[in-house]
Amino acid sequence: MFFTRRAALAALAVTTALGLSPAFAQNAEKPKLTLGVGGKQLLYYLPLTVAEKKGFFKEQGLDVEINDFGGGAKSLQALVGGSVDVVTGAYEHTIRMQAKGQDIRAVIELGRFPAITIAVRKDLADKVKSAADFKGLKIGVTAPGSSTALTAQYAMVKAGLKATDAAIIGVGAGASAVAAMKQKQVDVISHLDPVTSKLESDGDIVSLIDTRTEAGTKALFGGSNPAAVLYLKNDFAEKNPVTTQKLVNALMKSLKWLETAKPEDVADLVPAEYHLGDKPLYLTAVKNSQESYSRTGIPTADAMKSMYDSLKLLDPELTNSNVDLTKTFIDSFAKKAAAGS
């Protein structure tokens with residue numbers, strides 16, 4: 001018994017000396033797991049790609065298979081259906097699922113601003129000046145039901161229209177979204193970088209709403225708004241606390257890396273296809289998005305309420321709901337990750 005205790009203390013001393021948390025030294029309950037994402041090449045999900053390409057998941061002893069569903073709503077469906085274990089997706093989905101009695105919670109915030117830009121096709125810019133002019137138009141989004149769609153609909157409702165006054169059309173997350181606008185399949189696009197920066201650079205769009213910055217986010221929502229998070233079923237976190245902690249550790253390390261990384265570092269790290277055939281443009285997109293990434297991994301209570309208030313305005317099913325926002329986010333994992341970083 002004495003030897004076992006001494007060995008344990010020695011092991012703890014070694015992990016401490018190496019800068020590793022005790023959670024790192026523990027074995028994950030589920031070292032091999034699947035993660036769903038809706039448009040992995042988008043800068044909205046850059047912390048995920050950083051964790052993958054820098055080997056941060058492997059450092060934690062995890063083998064993470066990433067399934068890209070091309071849209072956030074599809075990722076959520078995969079989680080509910082059981083085909084993935086966890087999801088990097090929009091925080092708003094946790095509120096929606098809690099309202100439906102499904103205990104889905106976020107465990108780390110990746111983006112503190114939505115980083116979504118709503119823009120009109122340039123040849124329509126003289127007629128379409130704001131979201132109040134979207135009635136009867138076609139709005140391109142990553143996928144119906146995803147954060148890009150909801151942000152566009154929120155802007156419309158805030159401007160006095162109905163969420164159904166414009167057609168919401170899924171155009172995908174990468175080159176297909178660029179093509180949809182260039183080919184005039186849509187009139188307005190609600191999207192993310194690098195798609196937005198590509199269309200801006202090519203002169204195809206005129207931006208009307210830009211939530212890549214704090215100022216732009218406050219202009220639309222009245223405050224900060226949690227964006228991408230890692231979310232999961234609460235019972236997964238309860239049954240697999242070490243696995244969950246290791247996932248959060250890896251993503252927290254990504255956020256810390258992004259705080260000091262140069263756009264060139266990011267462009268060199270991600271797959272070439274993420275550049276959409278224009279690396280200098282991608283560097284601009286990264287620079288435009290850097291302000292949007294979370295600094296702490298934890299959203300403020302005001303930011304969570306801002307998101308809930310916007311959903312109440314947008315969705316009649318949520319108008320009279322009473323979601324306990326403390327149940328939408330478990331902050332203990334991010335706190336431990338931050339303390340150990």
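How many cavities of 30 Å³ or more does the count come to? The count comes to four. This is a predicted model. The largest nonpolar core has 86 residues. A cis peptide bond runs from Asp 193 to Pro 194.

**Largest cavity**

- The lining of the largest cavity consists of 16 residues.
- Glu 92, Ser 147, Thr 151, Phe 221 and Met 307 are the lining residues nearest the centre of the largest cavity.
- By class, the lining of the largest cavity has twelve nonpolar residues, three polar and one charged.
- Helix H7 (147-158) and helix H15 (301-314) each contribute at least two residues to the lining of the largest cavity.

**Second largest cavity**

- Gly 38, Leu 42, Tyr 44, Tyr 45, Gly 72 and Ala 90 are among the residues lining the second largest cavity.
- His 93, Thr 142, Ser 146, Ser 147, Thr 148 and Leu 192 also belong to the lining of the second largest cavity.
- The lining of the second largest cavity counts five nonpolar and seven polar residues, with no charged ones.
- Ser 147 lines the largest cavity and also lines the second largest cavity.

- Thr 142 sits in the loop between strand E6 (138-141) and H7.
- Thr 142 counts as buried because its relative accessibility is 6%, under the 20% cut-off.
- The side chains of Thr 142 and Thr 148 make a polar contact of 2.8 Å.
- Beyond four places in sequence, the contacts of Thr 142 include Leu 42, Gly 70, Gly 170, Val 171 and Gly 172.
- Ala 173, Ser 190 and His 191 are also among the contacts of Thr 142.

**Helix H6**

- Helix H6 (residues 92-99) is mostly covered, with seven of its eight residues buried.
- The buried residues of H6 are Glu 92, His 93, Thr 94, Ile 95, Arg 96, Met 97 and Gln 98.
- Glu 92 of this buried set is one of the residues nearest the centre of the largest cavity.
- His 93, also in the buried set, lines the second largest cavity.
- Gly 101 follows H6 and has a positive phi, near 85°.

**Nonpolar cores**

- Nonpolar side chains tend to be buried together in soluble globular proteins.
- In the largest nonpolar core here, Leu 46, Phe 57, Phe 134, Val 266 and Tyr 282 touch the most other members.
- Helix H12 (residues 241-260) gives the largest share of this core, eight residues.
- Another core, of 20 residues, lies apart from it and includes Ala 106, Val 229, Tyr 231 and Tyr 308.
- Leaving out neighbours within four places, Phe 57 contacts Leu 48, Ala 51, Glu 52, Leu 62 and Val 64, among others.
- Leu 247, Ala 250 and Leu 251 are also among the contacts of Phe 57.

**Ala 155 in helix H7**

- Ala 155 is part of helix H7.
- Ala 155 counts as buried because its relative accessibility is 4%.
- Ile 118, Ala 131, Ile 209 and Leu 220 touch Ala 155, with residues up to four places away in sequence left out.
- Ala 155 and Ala 90 are 65 residues apart along the chain, and their C-alpha atoms are separated by 17 Å.

**Thr 117 in strand E5**

- Thr 117 lies in strand E5.
- Thr 117 counts as buried because its relative accessibility is 1%.
- A polar contact of 3.5 Å links the side chains of Thr 117 and Arg 212.
- Beyond four places in sequence, Thr 117 also contacts residues including Ile 189, Ser 190, His 191 and Thr 196.

**Backbone features in loops**

- The cis bond from Asp 193 to Pro 194 has omega near 10°.
- Pro 194 is placed in the loop between strand E8 (188-192) and helix H9 (195-201).
- Ala 115 is not a glycine, yet its phi is positive, about 65°.
- The loop between strand E4 (104-109) and strand E5 (116-121) holds Ala 115.
- Ala 115 counts as buried at 6% relative accessibility.
- Leu 276 also has a positive phi without being a glycine, at about 55°.
- Leu 276 lies in the loop between helix H13 (263-269) and helix H14 (279-289).
- Leu 276 still counts as buried because its 19% relative accessibility is under the 20% cut-off.

Definitions and conventions: Residues are numbered from 1 along each chain as its sequence is written. This is a predicted model: local features need pLDDT of at least 70, side-chain atom pairs count only at pLDDT 80 or more; totals for chains, interfaces and linings use all residues. Side-chain values use heavy atoms; hydrogens and water are left out. On a 1 Å grid over the protein atoms alone, a cavity is a set of points where a 1.4 Å probe fits but cannot get out, and a pocket is an open set with protein on both sides within 12 Å along at least five of seven lines; lining residues have an atom within 4 Å of a point. Grid points are joined across faces, edges and corners, and a volume is the space filled by probe spheres set on the points. Helices (H or I, at least four residues) and strands (E, at least two) are DSSP runs, numbered from the N terminus. Ala, Val, Leu, Ile, Met, Phe, Trp, Tyr, Cys and Pro count as nonpolar, Asp, Glu, Lys and Arg as charged, and the others, Gly among them, as polar. A nonpolar core is a set of buried Ala, Val, Leu, Ile, Met, Phe, Trp, Tyr and Cys residues joined through side-chain atoms within 4.5 Å. Buried means under 20% relative accessible area, exposed over 50%, partly exposed in between (1.4 Å probe, protein chains only). Contact means heavy atoms within 4.5 Å. A polar contact is a pair of N or O atoms within 3.5 Å; within protein, one must be able to donate a hydrogen and the other to accept it, and residues adjacent in sequence count only if both atoms are side-chain atoms.
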